[in-house]
Amino acid sequence: MTSSAPAPPPPAADGLVSAARRNLRGLAHGLAHPSHPPVPPLAGSRKRWRRVVPYVVVFALTALFLPVTVTVLTNQYGVADWPAGLLAVAQAAPLLMLAHRPLQAWWIVLPAAVLGSLVLLAHPRSPQEIWPWPPPTLFCLLFVLLAVALRETRRTTAAVWAVTAAPGLALHLSVPERSNGSAGLLAIFGAIVMVIGAVVRERGVAQRRLAEQETISVAERARRTLLEERTRIARELHDVVAHHMSVITVQADSAPYRIGGLSAEAREEFEAIAASARESLTEMRRLLAVLRSDGSAGERAPQPGLDRVQQLVEATVRAGLPVELSLAAGLPDVPQAVDLSAYRIVQEALANVIRHAPGARTGVSVTSDGTHLTVLVVNDRAELPGSPLEPEASGTGHGLVGMRERVRLTGGTLDTGPLPGGGFRVAARLPLAPAAPIAAAVPEDS
C-alpha cells in the first residue's frame, strides 16, 4: 500500500504566508534601523536657542533620574549601593541618546528595566513597593517611548509599544503574588504618550508638506508671471516692430516699379534695404519663437484634480486648521482645465486661510448644476490672537491674481472678498462645456 504525497498548500495560503513574512521582516527592520538620520529635532531651526533645546532636555532628564533612581532603589527597595548605581546608570544614562538615537536608547533602557525588576525579586517586598516597574524606571521608559513616537513611523511605534508591554505582562503572570496590579501601568501610560507623540509627529509632517506646496505655488506663480511678461514682449514685437519691418520690405521691393527713372545704384540700394528687412524679419520670427516657448518639455505627470481635494483637506486639517469638505456625489465629466483650476483654487484659498486666519473654521464646497462647477471656500474670523484677517491689498495679491487668471482661462467667474462678520469668501463658477476660444496672446505671422 503506497502512501500519497501531501497536497501542496493552496495559492491563497502561500500569499498569506508570504505577506506575513514580509510584514515581520519589515517590523524587524524598523525595530533595528531608525527611520531618521542621527540629527536632533529642531536642528534646522534658524534660532540657536531652539537648536540647543533638545540637548538641554536630555541632560536635565539624565541629571534628574540618575540620583532619583539610586535613592529609590536603596531606600525603598533595599538594594545595595553598587547594584543600585549600576541599574541607575543603565536605565537613566541612555536618556542622553534621546535627541539623536531614541530607538537605540530604547534597546538599552528596556532590558535594563527588566533586569532591575528581576533584581528586586531577590529583596523582600515592602508595603509601599511598586513592582515590576519602580516609579523612576516607569518614567524613564515613558520618556523613551515618547521620543520614539516623535521620530519613528507609525508601524515601528506600535511594535515598540507591544515589545515594551510584553515583559510587564510576563512578569505579572510569572510572579502574581509580587505584582499589585501595577504591571499594566507601563502599557496604559505608554500607549497614551505614544499616541500623543505620533499625533505631534504627523502634524509636523503635514505642516512641512503644506509648506512645500506653498513653496511650489510661489514658484509656479513666479514662472507664470515670467511667461506672461515674455508673451507680452513677443506680442509687442510682433504687432509693432514686425509690422513696420514688413512695410519697409514691401516699400523697398515695390519702389523700382512705383518710381520711374531710378538709376542702377538706386535700384541696388532698394534691393539691399529689402534684403536687410527680410533678414531682420527672419531673426524676429526666431526671437518670437523663443519668447513664446516656456523653455521646458511638456509635463508627463498627471495634474491634480478634484479627486485629490479630499487629500488636500485632510492634510490641512492635520496641520491644525478645522476644515469641512462638501464634495457633491456624481459630478459630471469635468474638463481637464476646469479640474486642475478647481483644485488649484481650493489649494490657494486654504493656503491663504493658513497665512491670514490661522485656526478659523473653514468650509470647502464643490457642487455642479450640470453646466457649471461651483467651488466655494469660506472661512470665519481668525481664532488665534494676533493674526487678524488681512485684506487683499495688505498682501502681495499674487494668490488671488492667480485664481482670476485660471478662472478667466476657463471662461468662468470669480467672486472674492471679506464677509460682514469677519472672514473671507472665495467663490468660483467654472463652465463644464468648452469655453469660447480665447484670442491668442500672440497673433500668427502673416
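How many helices and strands does the secondary structure of the protein chain come to? The count is 11 helices and five strands. Both are DSSP runs numbered from the N terminus: helices are H or I with at least four residues, strands are E with at least two. This is a predicted model, in which local features need pLDDT of at least 70, side-chain atom pairs count only at pLDDT 80 or more, and totals for chains, interfaces and linings use all residues. Residues are numbered from 1 along each chain as its sequence is written, and side-chain values use heavy atoms, with hydrogens and water left out.

**Figure 1. Overview of the protein chain.**
The protein chain has 446 residues, and 35% of them count as buried. Buried means under 20% relative accessible area, exposed means over 50%, and partly exposed lies in between (1.4 Å probe, protein chains only). The accessible surface comes to about 25,700 Å². Carbon and sulfur atoms hold 63% of that surface. Areas come from the Shrake-Rupley method with a 1.4 Å probe; for residues, only the protein chains shown count as cover. Among contacts in the protein chain with a separation of 6 or more, 75% join residues 24 or more positions apart. A contact means heavy atoms within 4.5 Å.

**Figure 2. Aromatic pairs.**
The structure holds two aromatic pairs. Rings of Phe, Tyr and Trp (its six-membered ring) pair if their centres lie within 6.5 Å; planes under 30 degrees apart count as stacked, over 60 as edge-to-face, and the rest as tilted. Phe65 and Phe143 make an edge-to-face pair, 5.9 Å centre to centre with 65° between the planes. Phe65 lies in helix α2 (residues 48-75) and Phe143 in helix α5 (residues 135-151), so this pair ties together parts 78 residues apart in sequence. Phe65 is buried at 7% relative accessible area, while Phe143 is partly exposed at 31%. The other pair is Trp106 with Trp107: ring centres 5.0 Å apart and planes at 65°, so it is edge-to-face. Trp106 is buried, at 1% relative accessibility. Trp107 is partly exposed, at 45%.

**Figure 3. Helix α4.**
Helix α4 covers residues 102-120, 19 residues in all. The expected span of a helix is 1.5 Å times one less than its number of residues. The buried residues of α4 include Leu103, Trp106, Val109, Leu110, Ala113 and Leu120.

**Figure 4. Helices α2 and α3.**
Two packed helices are described by the angle between their axes and the distance between the axes. The axes of α2 and helix α3 (residues 81-92) come within 9 Å and cross at roughly 145°. Axes are lines fitted to C-alpha atoms, for helices over the stretch in contact, and angles run from 0 to 180 degrees between N-to-C directions. The crossing of α2 and α3 is right-handed. A crossing is left-handed if the near helix is turned anticlockwise from the far one by less than a right angle, and right-handed if clockwise. On the α2 side, the contact residues include Thr62, Phe65, Leu66 and Leu73. On the α3 side, they include Asp81, Ala84, Leu87 and Gln91.

**Figure 5. The cis peptide bond.**
The peptide bond from Trp131 to Pro132 is cis, with omega near 15°. Pro132 lies in the loop between α4 and α5.

**Figure 6. Helix α10 and Asn352.**
The 21 residues of α10 should span 30 Å, and its end C-alpha atoms are 30 Å apart, which agrees. Helix α10 is mostly covered, with 15 of its 21 residues buried. Asn352 sits in this helix (residues 336-356). Asn352 is buried, at 16% relative accessible area. Not counting residues up to four places away in sequence, Asn352 touches Ala357, Leu400 and Met403.

Ala328 is in the loop between β1 (323-327) and α10. Ala328 is partly exposed, at 29% relative accessible area. Its C-alpha is 7.5 Å from that of Ser368, 40 residues apart in sequence. Neighbours within four places aside, Ala328 contacts Val366 and Thr367. Ser365 belongs to strand β2 (residues 362-368). With the neighbours within four places in sequence left aside, Ser365 contacts Ser326, Thr374, Val375 and Leu376.
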